[in-house]
Amino acid sequence: MSVATPPAATPTEAHEAAAHDAAAHDADGPSIIDRSWRDARAFPGLPLRQAARVAPYAALVAASAAIAVGVASLTLNSLEPLRLPLLAALALSLAAVLAHVRLEEDRWDRSLIAMIVGAIAGAVVLQVTPEYIYGYEINGIIHRSMITAPILILLGLPALSASLYRVLGATPTAQDRARYPYLLLPIGLILAAYGAILFRLIAEGAPNLGLDLITRNYNVTLEGNAFVTQPGLRNQLLGTFLLIGMTSAIALPIGVGAGVYMAEYQGRLSLLIRFSTLLLRAISVFILGVTAFTLADWASNYPAGDLRSDLLRGFYNDDDGFKIAAHGSFLTASIVLSLLVIPVIARTTEEGFRSIPREVREGSFALGATEGHGFLHILLPWAVPNIITGLLLGCAEAAGSVAVLLFIAGSGEFGVGPLREATSLAFSVYYADRGVDRTFSDTMQPYEFTAALLLIFLTFALSIGALFLKQRFARRYRGASL
């Protein structure tokens, strides 16, 4: 016995049936708003439903524009007229997305409502904020763009993520990709800041960069009745290399020894060493600068020529051959700077020894290697890439440190040596702009960007060298395990 199936309803009949069911349900008392949303969901061809599908794209454009203007407002004040139109466009586009979600999913998205309220509140705040803010114990005048920028960024970022989620299809994969703006924006801002700094250094420092400036030394000579100054960065450059070399010589054995002990010998002493290195790494560089000054100040109680004064303060000989005490020697600066580098080397050494596979250790003992032989020929070579990386990165940090040299360094006109007055490229940048020696400032201030550019090149070279040596030693000693 066959059963006859009813004919399929046409789209027009389906719409009419839906409208009839809606009218029958309206008798029970649904609100006008609910009937409007239900009718829009029942008839996909309505203009409201078609327009709602475009809403996520409009919100994506509005949010991107808000973020772009917000970022640009960090450095520009001329974009202020765009603040209210952008917030209005953001609120309206998010309202359209809210309507789209209501039509498609039959629910109200609370996060979108919060974003709309935030956009309206941000517009109100920016409208009532004066263009210039001063007083209120503020030491300066603040333009309104410093408030506009964070408001546009903080409102545009979640709006961009929400609209991107809808544009990509509102799937779990789309939800993961919609979080990318939260990660990419900080990275982009940091890269943009570094790019702007590097561009300015190259633009203002490269024209003065030449072989004569690097090979000449800054000095002051008396010719007739006038003092004649000669600009130069030779001693500052050589002093930076000397600081790196002496700091490495002090920090390398101590850092490697501490790292080996923390990795290979567990106990209370190992925990104490680990805590000390962490504490030393967290200490302020200005405290280290005060430490260097304290050592040099203690040595000032002894005259020039005394061993304690010569070691900690340094010295130079004047034109008549008399020994004159300086402010602080390269030896003092290297000892204090090593306190910055030791924790880095210790940590990388520990990680290098902890990364040795257990099979390598057991295999060396199984083949009859003694503990000393295994350490020198197997364990230590395995950790060499980490040690080299920590050393070069620590030295790059020490080369750019100014706080340690702040109270003990000088102009560098009296030569470079372990017992000479400390100086470096980083300190010369500070000393040319803020130093107490006006003769040095007047002579070297036009070259402070050049000194900073040389320092950037030096630290980049050390960082790239660290990566290159790490890969080379890794292929040499870990090639069979990579």
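Helix 4 and helix 5 cross in a left-handed manner, meaning that the near helix is turned anticlockwise from the far one by less than a right angle. The model is predicted: local features need pLDDT of at least 70, side-chain atom pairs count only at pLDDT 80 or more, and totals for chains, interfaces and linings use all residues. Residues are numbered from 1 along each chain as its sequence is written, and side-chain values use heavy atoms, with hydrogens and water left out.

**Helix 4 and helix 5**
- Helix 4 (residues 83-105) packs on helix 5 (residues 110-128) at an angle of about 165°, and their axes are 9 Å apart.
- The two helices are therefore roughly antiparallel, a label for angles over 145 degrees.
- Residues in contact (heavy atoms within 4.5 Å) include R83, L87 and V101 of helix 4 and I113, G122 and Q127 of helix 5.
- By type, the residues of this contact are 16 nonpolar, two polar and one charged.

**Nonpolar cores**
- The largest nonpolar core has 54 residues; such a core is a set of buried Ala, Val, Leu, Ile, Met, Phe, Trp, Tyr and Cys residues joined through side-chain atoms within 4.5 Å, where buried means under 20% relative accessible area (1.4 Å probe, protein chains only).
- Helix 16 (371-399) is one of the helices that supply at least two residues each, and the largest share, twelve residues, comes from helix 16.
- F353 and L405 have the most contacts inside this core.
- Leaving aside neighbours within four places in sequence, F353 touches V260, A263, E264, R361, F375, L379, L380 and A383.
- Another core, of 28 residues, lies apart from the largest one and includes A55, V97, M115 and A159.

Conventions
Buried means under 20% relative accessible area, exposed over 50%, partly exposed in between (1.4 Å probe, protein chains only). Helices (H or I, at least four residues) and strands (E, at least two) are DSSP runs, numbered from the N terminus. Axes are lines fitted to C-alpha atoms, for helices over the stretch in contact, and angles run from 0 to 180 degrees between N-to-C directions. Angles under 35 degrees count as roughly parallel, over 145 as roughly antiparallel, 65 to 115 as roughly perpendicular and the rest as oblique. Ala, Val, Leu, Ile, Met, Phe, Trp, Tyr, Cys and Pro count as nonpolar, Asp, Glu, Lys and Arg as charged, and the others, Gly among them, as polar.
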